[in-house]
Amino acid sequence: MEQPNARHVLDGMSEGSEAARNKRQAAAGSADHLSALPDPLLQDILSFLPSPDAVRTCVLAHRWRDLWKGVPALRITRNVADKYWGPTALNGFVNHLLFLRDRSPLRVAEFYSKDWGDFEETVRYLALWVRYSLSCQVAELCVACEDDLDRWLLPKGLITSEHLTKLELVLVMSEHDLDFSSCVSLQDLKMENSSIYCNRITSPSLKRLRISGCRFLGDVRTQISAPNLISLLLDDCKQRTPLLESMPLLVEASVGLHNCCDVCRNGYEVGDCGDESCWGCQHSNYGKNSCVLLQGLSSCTNLELIATTSPPLPTSFIFRKDLTRCPVFSKLKTLLLDDWCITTNLGALICFLQHSPVLEKLILHFSKTHENLVEMGASYDMRKQPLALKDLSVEVQFYEGDQQVLKVLDVLCSYGLPPEKIKIQYPLKQIQI
């Protein structure tokens with residue numbers, strides 16, 4: 001059988017117009033400073049191109065014929081996938097590419113599989129491509145599988161490498177615990193729009209974690225263990241809010257609860273309504289842990305906590321329940337809160353401030369007016385010592401005329417906050433920590 005060659009890899013790719021060929025021929029006699037560069041430098045330059053474009057350079061000159069085989073990057077991006085008629089054609093290109101290239105180390109590998117209506121063929125070789133990349137000591141790996149209904153099932157134990165430093169998983173599904181303990185160099189993990197059925201996500205080496213738009217669908221809360229984490233983004237996670245274990249090195253974190261199912265149907269401020277038909281309260285188990293989120297976040301220097309409080313599904317449940325057994329935020333300097341901290345007696349806000357002894361800046365971001373607040377079932381972990389706010393500065397953004405917010409400011413001033421340290425902003429604008 002005929003062995004694949006570069007011509008097979010180029011099948012289906014345009015060879016360029018007649019005008020382009022004429023330009024190349026006209027330039028043939030001029031000085032070629034680029035080709036004078038050493039091979040490793042040229043391959044580094046080619047590594048920034050999508051893989052089909054890098055392969056096309058083989059037709060430039062004899063010197064370039066095999067350079068693409070040693071390029072330290074595999075880039076099958078969304079734009080690359082869009083140029084193929086279907087998964088069979090894209091799979092054919094990638095398989096030939098991997099067969100022909102040198103097995104030299106990879107710096108980057110990204111694989112994007114598009115939804116063409118044939119999901120089985122779309123994901124047929126994804127695991128093979130990932131294994132190939134890991135065998136080439138890839139440092140940064142990104143896998144994305146676009147499909148409106150299905151998610152690519154991540155094989156158990158697939159991601160194992162002592163060389164991997166950055167991992168991005170988009171639109172995948174995991175039914176097994178995500179244990180990255182064998183990835184001893186892993187520092188960055190990003191997961192987007194994925195379905196997570198596992199009980200644990202573990203990485204002793206991880207420094208930065210970003211999870212957004214993911215569904216946590218397990219029978220129990222997914223626990224996240226990353227003791228060396230310094231930066232965390234947890235945004236728009238659906239179903240059960242994951243439980244954060246101790247993160248003593250954490251510096252900055254942003255948590256946004258918008259579509260989770262930790263909701264009390266009876267409107268209890270901190271859950272625990274006692275109604276057996278209330279799924280949110282009946283399944284808000286903490287296990288042996290005192291908090292779902294706040295204990296794991298208690299080492300933060302900069303913290304942002306955002307939650308939806310508007311009907312039909314207010315998702316401030318977990319933040320408020322955690323405050324009934326609130327840890328001390330001994331390092332917290334900057335804190336951003338939104339509408340969920342506004343309660344009838346301001347217990348949630350005062351409790352948080354009491355447990356943040358070195359807080360320097362409080363940002364209150366209120367996106368609606370607050371009316372008809374009713375305290376139901378709230379008993380926050382208030383401290384006995386008095387609250388002193390003379391060293392605190394406050395930025396508040398709210399709609400003019402919201403009497404409840406004005407009450408908040410009056411209460412803060414009663415605890416010693418100088419009025420000149422309150423900065424009011426309207427119209428409403430978002431502030432980022």
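Visitor: How many disulfides does a search of the whole structure find?

Guide: This is a predicted model, in which local features need pLDDT of at least 70, side-chain atom pairs count only at pLDDT 80 or more, and totals for chains, interfaces and linings use all residues. Residues are numbered from 1 along each chain as its sequence is written, and side-chain values use heavy atoms, leaving out hydrogens and water. A disulfide is taken as a pair of cysteine sulfur atoms within 2.5 Å. For the whole structure, the search finds zero.

Visitor: Which cysteine has the sulfur nearest to Cys291?

Guide: Cys291 is in no disulfide. The nearest cysteine sulfur is 6.8 Å away, and it belongs to Cys326.

Visitor: Is Cys291 buried or exposed?

Guide: Buried means under 20% relative accessible area, exposed means over 50%, and partly exposed lies in between (1.4 Å probe, protein chains only). The relative accessible area of Cys291 is 2%, so Cys291 is buried.

Visitor: Which residues of helix 3 are buried?

Guide: Helices (H or I, at least four residues) and strands (E, at least two) are DSSP runs, numbered from the N terminus. Helix 3 covers residues 39-46, and its buried residues are Leu42, Gln43 and Leu46.

Visitor: Within what arc do the buried residues of helix 3 fall?

Guide: The arc is that of the directions from the helix axis to the C-beta atoms. Seen down the axis, the buried residues of helix 3 line one face, because they fall within an arc of 100 degrees.

Visitor: Which residue in strand 16 stands opposite Gln223?

Guide: Strand 13 (residues 223-225) and strand 16 are parallel, with two bridges between them. Opposite Gln223 stands Leu243.

Visitor: Which residue in strand 14 is the bridge partner of Arg208?

Guide: Strand 11 is joined by five bridges to strand 14 (residues 231-235), and the two run parallel. The bridge partner of Arg208 in strand 14 is Ser231.

Visitor: What percentage of the residues of the protein chain count as buried?

Guide: The protein chain has 13 helices and 22 strands. Of its 433 residues, the buried part is 50%.

How values were computed: Pairing = 2+ DSSP bridges.
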